[in-house]
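Thanks for making time for me this morning. Please have a look at the sequence and the structure on the screen, and then I will walk you through a few places in it.

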Amino acid sequence: MANFELVTAADVQLMQGLAQRVTAVRPDLVNSDASFGELAWNWGKGHAGEGASWRRRLWFSGRELVAWGWVFLPRRVRRSDGSVRDVTGAYLAYQVHPGHAGLVDEVIEWYDGAAAGVERAVVPSGVDEFALKRWAAHGYETDPASLGSAGSWTQLNERDLIDVEQPVLPEGFRFRTADEAGPQAAVQAHLDAWAPSTYTAESYQGVRRTAPYRGDLHLLVEAPNGTMASSTIMWLDEANRTAEFEPVGTHPDYRRRGLARAMLLHGMHLARAAGAAQMTVACLGAPGHPQARGLYYSVGFRKFTQDAPLIKTGTETETTG
């Protein structure tokens with residue numbers, strides 16, 4: 001069975017279920033933007049403002065979801081500083097269960113039809129040799145923007161939750177949760193860290209509506225003057241006893257004070273208490289983007305896998321082989 005509709009919260013839960021099943025057998029094959037936490041974060045923050053430009057298709061074996069595609073079509077994006085950006089290309093998030101790997105051809109063909117006439121981007125797992133060959137057979141090539149020291153590819157990092165260092169905050173700072181600080185503070189913390197941003201109070205309400213969101217695992221660092229100086233959300237996958245940091249950000253006026261490092265360590269203690277045995281976090285992996293990678297390495301994370309950004313122009317003749 002297959003269908004082609006807008007992306008709903010129920011769809012995201014099905015996609016997360018597939019992410020959990022792939023994580024259980026081949027965690028290295030979980031694609032960028034297809035992890036348990038990333039799915040919730042992307043749908044929650046974006047569906048109100050951009051959901052009308054999203055399309056999805058689901059593939060089932062019996063009643064079990066075994067593959068899905070989620071297309072982000074060209075759209076106009078409005079940001080918190082009042083600026084407007086036109087996104088002219090399409091992007092595909094997708095996942096195929098390794099037991100049904102051949103469905104990747106159907107995913108590609110559907111994507112080419114759904115986004116015909118525009119540039120198309122996709123980021124399969126860099127170790128998914130079968131999928132990479134199929135994308136190449138359909139005319140997809142390495143995205144030039146991913147090359148060189150300033151490349152745009154993403155790496156996934158992981159660590160276990162044994163022997164987690166105790167966090168130390170500067171004097172006057174304290175840890176808070178979103179349940180304690182409230183929605184306004186949680187939204188402002190994100191806007192301050194990521195300005196200009198598309199994030200709004202409505203975005204946060206969407207995040208809170210996702211099934212795995214927990215306000216007690218949405219962590220903030222409060223400065224002595226009341227500013228929420230750093231924040232992160234942890235997404236707990238109880239089935240695999242893993243948790244994921246997404247996003248992680250710090251107010252520019254409070255960077256290089258050790259706040260994010262302390263917050264991550266504190267978060268890992270909270271995640272372990274909630275039942276997690278392992279943490280993951282993603283970051284840009286190219287040499288020209290050392291800041292986030294260095295932060296995560298400093299608290300014990302190490303690279304696990306990376307994606308392989310691919311692109312296809314909208315004018316190329318469709319090919320298969």
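I would like to begin with helix α3, residues 104-114, and helix α4, residues 129-137, whose axes come within 10 Å and cross at roughly 35°. Please keep in mind that this is a predicted model. The crossing of α3 past α4 is right-handed, and the contact is built from V104, D105, I108 and Y111 on the α3 side together with F130, A131, R134 and W135 on the α4 side. If we sort the residues of this contact by class, we find six nonpolar and two charged, with no polar ones.

Let me turn now to the second pair, helix α6, residues 183-194, and helix α7, residues 201-209, which pack at an angle of about 110° with their axes 10 Å apart. Because angles of 65 to 115 degrees count as roughly perpendicular, α6 is described as roughly perpendicular to α7. Here P183, A186 and V187 of α6 meet A201, Y204, Q205 and R208 of α7, and the residues of this contact comprise five nonpolar, one polar and one charged.

Finally, where does L73 sit? L73 lies in the loop between β3, residues 64-72, and β4, residues 75-78, and it counts as buried because its relative accessibility is 17%, where the limit for buried is under 20%. Apart from neighbours within four places in sequence, L73 is in contact with S53, R55, G89, A114 and A115. The C-alpha atoms of L73 and G51 are separated by 9.9 Å, and these two residues are 22 residues apart along the chain.

Notes:
Residues numbered from 1 in each chain as written. Predicted model: local features only at pLDDT ≥ 70, side-chain atom pairs only at ≥ 80, totals over all residues. Heavy atoms only, no water. Axes fitted to C-alpha atoms, helices over the stretch in contact; angles between N-to-C directions. Helix = DSSP H or I, 4+ residues; strand = E, 2+ residues; numbered from the N terminus. Parallel < 35°, antiparallel > 145°, perpendicular 65-115°, else oblique. Contact = heavy atoms within 4.5 Å. Nonpolar A, V, L, I, M, F, W, Y, C, P; charged D, E, K, R; others polar. Left-handed = near helix turned anticlockwise from the far one by under 90°. Buried < 20%, exposed > 50% of the residue type's maximum accessible area, 1.4 Å probe, protein only.
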